[in-house]
Amino acid sequence: MKLRAAILVALTTLSLGLVVLVSPVQPAWACSCALRPDQEDDRADLIVVGTITAVTDRGVQLAVESVEKGSRSVATLRLAVSRSEDSCGYDFRAGTRYRVNSIDGATGLCFGIRQLPGTPSADAAAPTPVTAAPAPAQWPGRWWFAAAAMLTVLAAGLVAVALWRHRTRAQSPNA
């Protein structure tokens, strides 16, 4: 009885280990933006168009050309932002024009940032949205084979336990 329990525990542990080992790995995205551009605009308390004049690890400074939403009328604006898009920040480039949404003095990838053409023009009315790259499509390749092998090993183990149990019952004097 103890041997059978030990075999079942070993097979279960092996099966779970193989499941974890052969499971397909999906890319991890620390930042996922769930809002459409119009929702980002509605949520923002300040929307400005301007050129980035300074970039630091913690923020950016913009030379403001126009204010599309909000009541600030300043020539320069400082916004808090992380430089890493992995953590929903944004990698601003000095000298580049952007349309930037801000909430409470901060901005980021999910706030609504659109890079604009280099000089103010009529083309700025139709900005190009900047978004994170989509996850690459993955075809489940070798993991199907590994999962089938794991199930085969598990089935063989259960058959071996069943045969062993049948033999021990057939050999016992009480059977």
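Me: What pattern does the protein follow when read along the sequence?

Reply: In this predicted model, the order along the sequence is α-α-β-β-β-β-β-β-α. The secondary structure comprises three helices and six strands.

Me: Why is D104 called exposed?

Reply: The relative accessibility of D104 is 71%. Exposed means over 50%, so D104 counts as exposed. D104 lies in the loop between β4 and β5 (113-115).

Me: What is the phi of D104?

Reply: Phi of D104 is near 55°, which is a positive value in a residue other than glycine.

Me: Why does I7 count as partly exposed?

Reply: I7 has a relative accessibility of 30%. Buried requires under 20% and exposed requires over 50%; the value for I7 lies in between, and therefore I7 counts as partly exposed. The residue is located in helix α1 (residues 2-22).

Me: Which residues form a nonpolar patch on the surface with I7?

Reply: L3 and W164 form this patch together with I7, and the accessible area of the three comes to about 250 Å².

Me: Why is L35 called partly exposed?

Reply: L35 stands at 32% relative accessibility. L35 belongs to the loop between α1 and α2 (37-43).

Me: What does L35 touch, not counting residues up to four places away in sequence?

Reply: L35 touches E40 and R43. The C-alpha atoms of L35 and F111 are separated by 8.7 Å, although these residues are 76 residues apart along the chain.

Me: Which members of the largest nonpolar core touch the most other members?

Reply: They are V48, V60, L62, Y90, F92, Y98 and V100, in a core of 15 residues. At least two residues of this core come from each of β1 (46-55), β2 (59-69), β3 (76-80) and β4 (97-102). In soluble globular proteins, nonpolar side chains tend to be buried together.

Me: How many residues does the protein have, and what percentage count as buried?

Reply: The protein has 175 residues, of which 25% count as buried. The accessible surface comes to about 11,600 Å², with 61% of this belonging to carbon and sulfur atoms.

Me: What pLDDT does the protein average, and where is the pLDDT below 50?

Reply: The average pLDDT is 76, and 76% of the residues score at least 70. The pLDDT is below 50 over residues 121-133, a stretch with 16 contacts in the model beyond near neighbours in sequence.

Technical notes:
Residues numbered from 1 in each chain as written. Predicted model: local features only at pLDDT ≥ 70, side-chain atom pairs only at ≥ 80, totals over all residues. Heavy atoms only, no water. Patch = residues over 30% accessible without salt bridge, like charges linked within 9 Å, V, L, I, M, F, W, Y side chains within 5 Å. Areas by Shrake-Rupley, 256 points an atom, 1.4 Å probe, with all protein chains shown as cover. Salt bridge = Lys/Arg side-chain N within 4 Å of Asp/Glu carboxyl O. Helix = DSSP H or I, 4+ residues; strand = E, 2+ residues; numbered from the N terminus. Buried < 20%, exposed > 50% of the residue type's maximum accessible area, 1.4 Å probe, protein only. Core = buried A, V, L, I, M, F, W, Y, C linked by side-chain atoms within 4.5 Å. pLDDT = per-residue confidence, 0-100. Contact = heavy atoms within 4.5 Å.
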